[in-house]
Amino acid sequence: MLEVFLGILTAFGGFVDIGDLVANSETGARFGMRLAWVVVVGVIGIVVFAEMAGRVATMSKRPVFDVVRERLGARWAFVNLGASFFINLLTVAAEIGGLALVIELVTGLNYLLWVPLVGIAVWIVLWKLRFSLMEKVFGLSGLALVVTIFALWRLDPGLHRTVQTVGFGPPASEGWAVSASFAIAPLGAAMTPYEVFFFSSGAVEEHWTPKDLMVNRMNVYLGFPLGGVLSLAIMGAAAVVFEPRGVSLSHLSQVTLPVSLAFGKIGLVLLLYGMFAAIFSAALETALSAGYTMSQFFGWQWGTFVKPREAARFHLVVVGSIVVGVLIALTTIDPILITEYSIVLAAAALPLTYLPILIVANDPMYMKDKVNSRPLNAIAFVFFVLLVIVSVATIPLMIITKAGA
Amino acid sequence: MASAPLVTMMLVACIGPARTDSAYQSKAVDTADEVVSASRTVLLAAQLSDRGRSFAPTVSVTVADAETGAETARDAFSSIQPPDAESDDLRASLLPTIQHACDVIADVRIAARRADSDLSQIAAPLEPLADELDAFSTRYG
């Protein structure tokens, strides 16, 4: 029972990363809560996707990229791997840059000084710490971000102002194209593919059996929606503080202002600690996901429970992705810009991994009696159509709106 | 496949020239909005600093980030060739206010790095400047 509870809390605390912090704050500052529904849609999407991926991994004993290769064939799966791996690398860079920005906010020293040290710290933790321990430590520490929920309540008691801006259409000052372009960011931030690669690989590594499916469902059905509440609170706090002032959000430093306004230094300490833990957790997961995807595609030995000597290529890819992430972050391209591109492109690439999982989740050869139920299939199919529309529209929208400028 | 995002990044990162009066006006409005945002961020950070609700390094970084944003917007706008005489007037009415705002933000940044008190007092001129730029944005937006 305690294990289940900790699992839910870990999923909750580990839900938010640099992408969620940036996308939800930017959207709240510019649109109020008019795009809050996108977060709700994104959370339902990631719940459906992660639950299916966990179930497929449990029943077939095969993680996402193994399934992708079998279903799409080696050539198309390789294209898929290239796109997913590239976006994952961008996400590693965004998380490393984000961590350096958090340290800059604490020390006042330029984030570029911290980038290499953050890279080394991520590698040491991956190398030295037991996987289950690091997952729990960083996931639970990320719960400090709950301070944002209380901050929103303090800034807007009863949430009257927050609720007033809830809606579906764009505000009068914004066009549909810009709104659609902005809507992709919270969706991409909520439905990041690395979460699914990580989740399903963990299921295989920990040798989940059908008995574990209930734990899987509890983590996904409770942990992720709670994480979604956190995302909505981040959006709400930005909506209450920034939208009336006409402030657009383009720096991580601005994300701290609503919490400082509500709770002063104590709130700020909690927020910075939570941000560091949540982003660190995401940096570990994305670096591991790079190793997982590549190794699973090529059929190499992989996993955090395997000795590095026995999974040398897996560990090499993990270390390599950290090094590349550090190098990208050191180019002086704004980490927030890298984050924005990584989440939007992640949304665009989602159908590539979603479709094979959806197909296998309906295959009784693998799934036996655990195939998708009809209602779940209906929801999953609607999401597939939605993801394809998003995928097709993303790049034209970015060009037309100059990335929402 | 992997090159598509790179091409997109390059395409959306380009700042095109303003060939018409309306395009120039639109860029002027975007610039005014950007500087309003930076100015009000600095006002908020200064207020938090004076009330002891934030740490000196956090305030300093917040103000420096806002300064970067305002200066980038100013530099981008001032580098655009105005297409006609009407645009010259628009430029002449906008740039001094933006420059003034950038100067005040720089003063706040210097004071914040020295951990000086009374940042709100130094930042105070940003209030009317932001309102002026906001009015400009509403008028031409």
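Helices (H or I, at least four residues) and strands (E, at least two) are DSSP runs, numbered from the N terminus. This is a predicted model, where local features need pLDDT of at least 70, side-chain atom pairs count only at pLDDT 80 or more, and totals for chains, interfaces and linings use all residues. Residues are numbered from 1 along each chain as its sequence is written, with chains lettered from A and ligands numbered from 1 in the order in which they are written.

**Exercise 1.** Work out the pattern that chain B follows along the sequence.

*Solution.* Start with the count: chain B has six helices and zero strands. Read along the sequence, that gives α-α-α-α-α-α.

**Exercise 2.** Describe the side of chain B that touches chain A.

*Solution.* First, take contact as C-beta atoms, placed from the backbone, within 7 Å. Then 27 residues of chain B meet 32 residues of chain A. Next, see where they come from: helix 1 (3-13), helix 2 (21-50) and helix 3 (56-78) of chain B each supply at least two. Helix 2 of chain B gives the largest share, eight residues.

**Exercise 3.** Decide how helix 3 (residues 36-60) and helix 10 (residues 193-205) of chain A are oriented to each other.

*Solution.* The angle is about 25 degrees, and the axes lie 8 Å apart. Angles under 35 degrees count as roughly parallel, so helix 3 and helix 10 of chain A are roughly parallel.

How values were computed: Two residues are in contact if their C-beta atoms, placed from the backbone, lie within 7 Å. Axes are lines fitted to C-alpha atoms, for helices over the stretch in contact, and angles run from 0 to 180 degrees between N-to-C directions. Angles under 35 degrees count as roughly parallel, over 145 as roughly antiparallel, 65 to 115 as roughly perpendicular and the rest as oblique.
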